[in-house]
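Me: I would like to go through this model and ask what stands behind each label. Please set each value against its cut-off.

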Amino acid sequence: MAGRVFADRVGWLADLVRGMADGVIAAHWSDADLAVFGGGVGVDGRRLPSSGWMALRRLGWGAVAPAGVVVSDRVRRIAEEEAARALRLGCHRRAVVAALLATWPADPFARTGEEWSALRAQLPEGTDNATIRNRTRQITAYLGRHGRLPVDLCELEGPPVVARQVSLAAADRQQVVVDRVDDRIVRVWSQLPMCAAPASYRDWVWHAFDLVLPAPVPARVKVCSPTLRPRDGKVRVDLPWQTPRTPPPVDGHARALGVDWGVNTLLTATVADLEEGSVVVRGRPLRFDATGVSAKLVRLRRHREHLHTKADHLARLRDGRPTHVPADPELTAKLAVLEAEHSAVCARIRHLNKALAWSAARWLVDHATAVGATAIYVEDLATLEAGGRSRSLNRRLSGAVRGTVFTAIAHLAAKAGIAVVTVPARGTSSGCPRCGAVVKHVKTPQGRVAGCRWATCSCGLSLDRDHAAAQRIAARGLANQAKTRRDRNGNTAIRTATDTPVRRRPRRPTPTATIRPVRDRRKTAPTPRQVRPATVKTSRLLPLRRQVPAPAEPPPGTAGKRPAGRTPQETQPSGPVRQVPHTVPTTAQRHPHRVRGAVLGRGFHRHVRATPITHRDGSTGRESGSLRIT
Ligand SMILES: [Zn+2]
């Protein structure tokens with residue numbers, strides 16, 4: 001069967017499902033019905049089933065096929081599942097909007113401390129600041145249009161539209177069968193309609209299609225029912241697979257990483273040990289500095305806003321003309337170009353955010369594995385106060401990126417058997433990790449960069465403020481392990497914590513110290529100001545690019561200056577390849593892309609500065625250590 005025909009049939013099924021799901025949502029898009037569905041108790045007083053389609057049937061909100069169309073009960077189930085998922089998301093949004101409306105402040109964009117506390121008390125658990133900000137904007141816009149606050153979510157926005165997809169997971173063997181052919185091929189059988197509006201069961205026919213599993217899927221895992229997403233004459237298949245996993249223990253950790261969402265860097269981490277009840281930290285921070293990528297994102301967002309404004313203006317021109325005047329083809333064409341460009345920039349931002357988030361998470365989990373840490377302590381994003389500190393964070397990276405970083409860390413750490421535990425964010429950067437007193441934030445000793453990025457304390461602490469915060473987070477986590485709780489979604493968190501002072505590990509002599517004298521790097525005085533050529537103009541947002549001179553003799557066949565960037569000689573150092581002494585491959589050798597992922601001079605990695613990963617046997621992912629490529 002031709003792929004096009006198959007895509008059409010899957011498309012007809014998806015349209016049937018979407019039509020029925022939209023019907024269910026539209027019929028129950030009211031505050032009262034959302035309250036009933038969100039309450040989780042049926043009319044008979046029994047708890048609603050956890051499965052979405054069953055819950056809807058218990059409430060008597062089942063999907064109805066269009067007149068003259070015959071669909072099986074399984075297809076109705078799929079539609080009900082889609083509707084239930086959309087309504088559940090609606091219930092969450094309803095709770096967020098209700099909390100915002102109940103505590104609507106005098107100035108919605110500058111809430112006071114009390115207003116924040118009142119809001120936090122009413123919000124559903126785990127609401128992040130990006131959601132609060134976006135919903136606040138939405139309500140403010142409504143206020144501007146109508147001159148009053150909306151009553152509830154359903155007045156603020158219309159019913160959601162479900163995606164054009166078929167989640168076969170909601171059906172059973174009468175609609176879908178998944179067979180394993182061999183290690184790499186899965187055969188899926190599914191009933192599909194032969195026309196857009198099947199009039200009887202004769203119009204439904206079983207179809208089989210083979211899926212080739214991509215290489216990262218291990219052999220012999222359990223493959224679940226797929227979701228089919230028809231689009232542009234093709235069918236995309238989301239195929240979940242299950243592999244058994246035992247969650248790592250929540251306590252009993254002796255070594256952990258404390259991670260701060262940095263002001264200066266995306267992630268700043270520190271290695272901490274629990275020794276006889278006290279927390280000992282190492283002097284060296286681990287940093288993932290994405291200033292270059294952030295600058296790119298800032299530029300892209302600015303460009304997106306610019307395109308949006310232009311398109312908006314043209315759309316007003318097009319819609320503003322009287323009805324009897326024909327549309328200007330030039331204007332329409334221009335608008336189409338602008339809209340295409342806008343969506344391309346949006347996609348670019350989305351991909352860059354995603355790549356950055358996963359690369360940062362990969363780097364962090366590799367560090368944890370390399371030092372033998374069994375837990376990663378992170379600030380709880382939901383409790384990060386939207387104050388002065390977060391504002392400067394937001395300028396750099398949106399809360400959505402941090403959310404993705406967190407999800408990625410949790411995912412990768414779970415695979416590595418490392419626990420990820422959130423700790424309360426309150427006071428992590430304002431308190432001294434060593435004595436607990438309030439620290440002073442001052443300019444860096446170099447004084448080159450704007451903002452107060454250095455923390456000093458009367459006890460003698462003088463540290464990068466993100467590093468100090470990471471130490472405090474690690475201490476909070478390690479010292480309060482007994483209070484770690486796992487919620488029903490499997491997320492582990494410490495809700496209330498007491499702070500423990502950290503000790504610094506005494507410097508131990510490195511083996512190289514006996515061979516050659518090592519500069520005393522102890523911090524006794526401010527680092528001297530680095531001398532840079534006066535002609536290089538630097539900006540806070542732009543990465544410092546090294547100026548590469550053109551080669552003295554251009555290679556034959558090329559004319560003019562070669563573009564700035566690293567020379568091929570720098571990428572691949574000349575000379576004999578170093579022999580690796582041991583025979584057991586290291587992680588770096590088995591997964592070169594993984595360990596070296598954050599240090600490759602490719603794509604945006606060129607703009608990321610990250611502490612290289614050193615394995616316990618002393619090897620690094622990249623021998624030359626040429627990480628500081630800016
Ligand atoms: Zn102190």
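Reply: Three strands make up an open sheet in the order S1-S6-S7, with antiparallel pairing. Strands here are DSSP runs of E with at least two residues, helices are runs of H or I with at least four, and both are numbered from the N terminus. This is a predicted model, in which local features need pLDDT of at least 70 and side-chain atom pairs count only at pLDDT 80 or more, while totals for chains, interfaces and linings use all residues. Residues are numbered from 1 along each chain as its sequence is written, and side-chain values use heavy atoms, with hydrogens and water left out.

Me: Why are S1 and S7 called edge strands?
Reply: Strand S1 (166-167) and strand S7 (234-238) each have a single partner strand, so one side of each has no neighbour in the sheet. Helix H1 (residues 3-27) packs on this sheet and touches S1, S6 and S7. Its direction makes about 110° with that of S6. Contact means heavy atoms within 4.5 Å; axes are lines fitted to C-alpha atoms, for helices over the stretch in contact, and angles run from 0 to 180 degrees between N-to-C directions.

Me: How do you know that S6 and S7 pair?
Reply: Two strands pair if DSSP finds at least two bridges between them. Strand S6 (residues 227-231) is joined to S7 by five bridges, and the two run antiparallel. Arginine 231 stands opposite lysine 234 in S7.

Me: What makes aspartate 232 stand out in its phi?
Reply: Its phi is positive, about 55°, although aspartate 232 is not a glycine. Most residues other than glycine have a negative phi. Aspartate 232 is found in the loop between S6 and S7. Its relative accessibility is 60%, so it counts as exposed, where exposed means over 50% relative accessible area, buried under 20%, and partly exposed in between (1.4 Å probe, protein chains only).

Me: Why is glutamate 276 called exposed?
Reply: Its relative accessible area is 83%, so glutamate 276 counts as exposed. Glutamate 276 has a positive phi of about 50° although it is not a glycine. Its place is the loop between strand S10 (267-275) and strand S11 (278-281).

Me: What makes strand S14 count as largely enclosed?
Reply: Five of the five residues of strand S14 (residues 419-423) are buried, so the strand is largely enclosed by the rest of the structure. In a regular strand the side chains alternate between the two faces of the sheet. In S14 both faces are covered, with Ala419, Val421 and Val423 buried on one side and Val420 and Thr422 buried on the other.

Me: Which strands pair with S14 in the parallel sense?
Reply: Strand S13 (residues 375-379) pairs with S14 in the parallel sense over five bridges, and alanine 375 has alanine 419 as its bridge partner in S14. Strand S19 (residues 492-493) and S14 also pair in the parallel sense, over two bridges. There, threonine 422 has alanine 493 in S19 as its bridge partner.

Me: Why is the zinc site called tetrahedral?
Reply: Four donors count as tetrahedral if all angles lie between 85 and 135 degrees. The angles among the four donor atoms of the zinc ion are 102 to 115°, and the site is tetrahedral.

Me: What makes a residue a donor here, and which residues are the protein donors of the zinc ion?
Reply: Donors are N, O and S atoms within 2.8 Å of the metal (3.2 Å for Na, K and Ca); water is not among the atoms, so sites may look incomplete. Cys432 (SG), Cys435 (SG), Cys457 (SG) and Cys459 (SG) lie 2.2 to 2.3 Å from the zinc ion. Their spacing in sequence is C-x2-C-x21-C-x1-C.

Me: Is cysteine 457 buried or exposed?
Reply: Cysteine 457 has a relative accessible area of 12%, so it is buried. Cysteine 459, at 40% relative accessibility, counts as partly exposed.

Definitions and conventions
Four donors count as tetrahedral if all angles lie between 85 and 135 degrees; four count as square planar and six as octahedral if opposite donors are over 155 degrees apart and all others between 65 and 115; anything else is irregular.
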